[in-house]
Amino acid sequence: MKKLVVLFLVLAVIVVIPAVQSAFAAGAEPGEYLDRRVVIWNLFFKMMTIAFVVGAVVSGTMIWQCWRFRESHPKAKPTAYEGTDW
Amino acid sequence: MVLELQKPRPIWQIMFSTHHTDVGLLYLISSLGFLFLGGALALAIRAELFLPGAQIIGDAMTFNRIFTVHGTTLIFLFIIPFASSVGNYFVPIMVRYKDMAYPKLNAIAFWMIPPAGALIWLGFADFTWYATPPYSIISAPGPAADMWIFGLKILGISSVLGAINFIVTILKCKHPDMSIGQVPLLAWSFLSSSLIILVAIPTFAAALLMLLTDRLGVSGFFNPAMGGDPIAYAHLFWFTFHPEVYVLVIPAIGMMYEIIPRFSRKPIYSFNSGIFAFVLLSIVGFSSWAHHMYATGMSFTEKTVFMVGTLAAVPASAMHVFNFIATMWNSRIKFSTPMMWAVGGIALFFSAGAGGVANAAMPLDFSTHDTYWVVGHFHLFVMGTIAFGSIAFLYYMFPYVTGRMYNETMGKIHFVMSFIGTVLVFFTQHVLGLYGMPRRIFDYPPIPEWIAMNQIASVGAMIIGVSMAIFLANMIYSSGKGQLANTEDPFGVGGKYYYPFEAKNPSH
Amino acid sequence: MSGHSNWPEWIYVGVVIALMVWVGAEAWEAERLVEHVPEGAEIIKVTGQQWFWTFEHEDGTKEIGELHVEKGKAYKFEIHSKDVNHSFNIHDYVILMDAIPGRVNTVWFAPTDVGEHDIQCREYCGLIHYNMRGTLYVEEPSS
């Protein structure tokens with residue numbers, strides 16, 4: 001449990017610090033304008049990275065369980081509820 | 001059995017019946033009819049966009065009318081009536097009552113749909129399903145626009161009447177031995193979506209009236225030339241129609257809650273979290289409407305509020321996905337056609353939801369709003385999730401409705417082709433949107449990426465079209481000539497079906 | 001209903017909520033950055049009407065269907081419409097803002113490279129919505 005807390009703390013720091021930095025750094029110098037394309041597409045790609053990782057986990061799980069728990073799988077065994085009027 | 005082609009009843013006996021299964025059958029047949037009509041329009045749109053320049057549709061006005069009627073038809077005349085059909089068949093059985101609470105009201109609610117459908121189809125309006133003013137007030141040609149307004153008005157009343165009926169049936173007519181917590185999740189889905197309808201629809205009903213008087217020139221609610229504000233319409237519209245998205249999706253999730261445990265041969269993982277997620281979604285669904293309007297010039301604060309409201313709806317939807325996956329865990333799944341459709345629907349539900357999270361992030365709106373990204377996104381919901389859940393349930397209740405089995409092979413071919421087609425069309429449209437192609441355009445400049453992706457999408461649409469033809473053939477042939485179903489356990493998975501085979505040909 | 005423990009679901013819901021908080025925070029930050037109009041941005045009045053765009057620069061020059069700007073400067077568009085709703089869109093610069101009669105909406109950008117970009121209408125506005133297009137010319141600074 002402690003390890004998990006530490007892990008999440010580390011992750012939080014890794015995510016938060018760059019965000020705070022970019023928040024204070026952007027548009028600071030006069031004459032330099034923020035490029036909205038960079039900001040928006042960066043956000044987009046960050047979100048897509050997360051979305052595709054989560055998507056891979058979710059759809060991977062579903063594909064695996066559809067393969068593993070199909071009734072024709074060699075190791076398929078009846079569930080506890082079969083034969084009852086659940 | 002309701003549709004007994006062996007011993008057919010005269011058609012007027014079904015048409016003038018108020019029995020819930022007969023009304024359910026009427027809903028079913030009319031919604032499927034509109035599914036094929038609306039689908040044909042979709043194929044026309046995809047054929048037109050296969051290449052730049054005019055292809056099969058002669059002019060922009062016809063094209064605009066086609067996509068307007070396509071959207072209106074499939075949302076209001078297919079998805080909602082289909083859900084009502086399922087609700088009519090199953091809700092009274094699930095709460096162990098003899099019929100809907102108000103049978104005559106039930107029949108009236110159905111019989112409002114054909115005239116409304118006729119108004120929409122004979123008018124063929126061109127102002128998109130969103131009917132945005134001031135275009136719909138000062139520019140849209142009548143009488144098509146006025147007919148659309150009346151059609152939608154009637155459909156609104158119809159769904160409010162249907163919603164009242166479902167709520168009363170579930171809350172007041174359930175068997176006294178049954179607590180509300182024992183009502184099956186499919187019936188819960190109808191309870192929550194009906195409550196949303198009651199709260200949401202009146203707003204749009206008011207907006208439609210104002211739109212009509214604006215068109216007549218007697219008022220100027222949304223007409224800037226008369227001091228009105230078009231954005232007010234957008235708020236009223238989306239206050240109804242963002243929750244309406246949940247009205248569409250919640251029954252489809254409810255249908256999956258019926259199918260997935262059945263074919264996994266084990267009860268739902270967490271019944272209570274299913275109920276909780278339905279109720280939560282139907283409340284939180286009201287906090288997100290203006291995320292459709294980021295680009296209309298809202299303030300930063302407004303945008304933030306609605307982004308938070310939108311993101312708040314995600315955990316509830318995610319709980320359903322978890323519930324499905326956990327139910328299938330350690331089960332023994334029989335992949336009959338309904339199960340394939342339901343599992344495919346969950347996968348696409350996840351993709352649609354992930355796209356929805358990206359849409360909620362306000363800055364991304366600058367690149368995706370009103371592009372094909374949005375088209376792809378919401379079609380993953382309406383087609384990938386809702387239509388998939390609905391078709392799954394149609395296969396599931398086919399033996400109940402007809403007493404016969406559909407052709408399993410054709411059902412599976414239907415699923416595989418539709419799934420591939422759906423992925424091809426709507427995933428590609430997401431990317432096409434990122435390349436900047438706007439929605440609702442009749443023609444586009446010959447940009448190579450746009451052409452390539454439009455062609456992929458059009459090919460996908462044709463695959464779906466062919467699969468739907470197979471589906472139609474299967475339904476028609478099997479309802480007359482299919483193998484007789486084992487009415488105790490048509491899918492051979494055991495357990496207790498909500499199939500009241502003892503309730504035969506009603507005659508009141 | 002059933003006697004099993006629910007901790008996997010709680011963890012899962014927690015992860016989902018954490019992800020949503022992260023999405024919200026990132027989006028909020030990015031939106032804050034792009035909404036902040038820099039001082040000294042040149043104002044260009046954009047008028048949408050069925051079915052073309054008109055641009056008016058600060059010095060009074062008007063352009064129809066095309067817009068000339070200089071690279072390295074910041075521009076703020078003040079967008080409004082004469083008839084129905086439109087949406088002013090330069091996709092290459094991720095600019096999008098609805099043109100709505102009776103309102104003035106603003107959005108800003110600073111072009112970085114010389115080039116030509118498409119301007120289009122992204123809100124349905126009737127018959128020739130599909131061809132309500134223009135061109136943005138980004139040029140070298142004149143001074």
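Begin by selecting N89(C), whose side chain reaches the backbone oxygen of I95(C) at 2.8 Å. This is a predicted model, and the tour starts inside chain C before moving to the places where chains meet.

With N89(C) still selected, show the secondary structure, and you will find this residue in strand β6 of chain C, which covers residues 86-90. N89(C) counts as buried because its relative accessibility is 0%. If you leave aside the neighbours within four places in sequence, the residues in contact with N89(C) are I95(C), L96(C), D118(C), I119(C), Q120(C) and R122(C). For one more distance from this point, select G134(C), which lies 45 residues away along the chain and whose C-alpha atom is 9.8 Å from that of N89(C).

Next, turn to chain B and chain C together, and colour the residues in contact, which number 61 in chain B and 48 in chain C. The area buried between these two chains is about 4400 Å², and carbon and sulfur atoms give 64% of it. On the side of chain B, select Y269(B), F300(B) and F366(B), the residues that lose the most area to chain C, together 16% of what that side buries.

Then select E31(C) and K303(B), whose side chains meet in a salt bridge with an N to O distance of 2.8 Å; the count of salt bridges between chain B and chain C is four. Between these chains there are also 18 residue pairs in polar contact, with both residues at pLDDT 80 or more. Highlighting α12(B) shows the largest share of the side of chain B that touches chain C, namely six residues. By class, the residues on that side of chain B divide into 36 nonpolar, 17 polar and eight charged.

Finally, bring chain A into view beside chain B, where the contact takes 28 residues from chain A and 31 residues from chain B. Chain A and chain B bury about 2800 Å² between them, with 74% of it on carbon and sulfur atoms. Select R332(B) and E82(A) to see their side chains meet in a salt bridge at 2.8 Å, N to O; across this interface of chain A and chain B, three salt bridges are found. The side of chain A that touches chain B has 17 nonpolar, five polar and six charged residues.

Notes:
Residues numbered from 1 in each chain as written. Chains lettered and ligands numbered in written order. Predicted model: local features only at pLDDT ≥ 70, side-chain atom pairs only at ≥ 80, totals over all residues. Heavy atoms only, no water. Helix = DSSP H or I, 4+ residues; strand = E, 2+ residues; numbered from the N terminus. Buried < 20%, exposed > 50% of the residue type's maximum accessible area, 1.4 Å probe, protein only. Contact = heavy atoms within 4.5 Å. Polar contact = N/O pair within 3.5 Å; in protein donor to acceptor, adjacent residues only side chain to side chain. Buried area = accessible area lost by both parts, 1.4 Å probe. Nonpolar A, V, L, I, M, F, W, Y, C, P; charged D, E, K, R; others polar.
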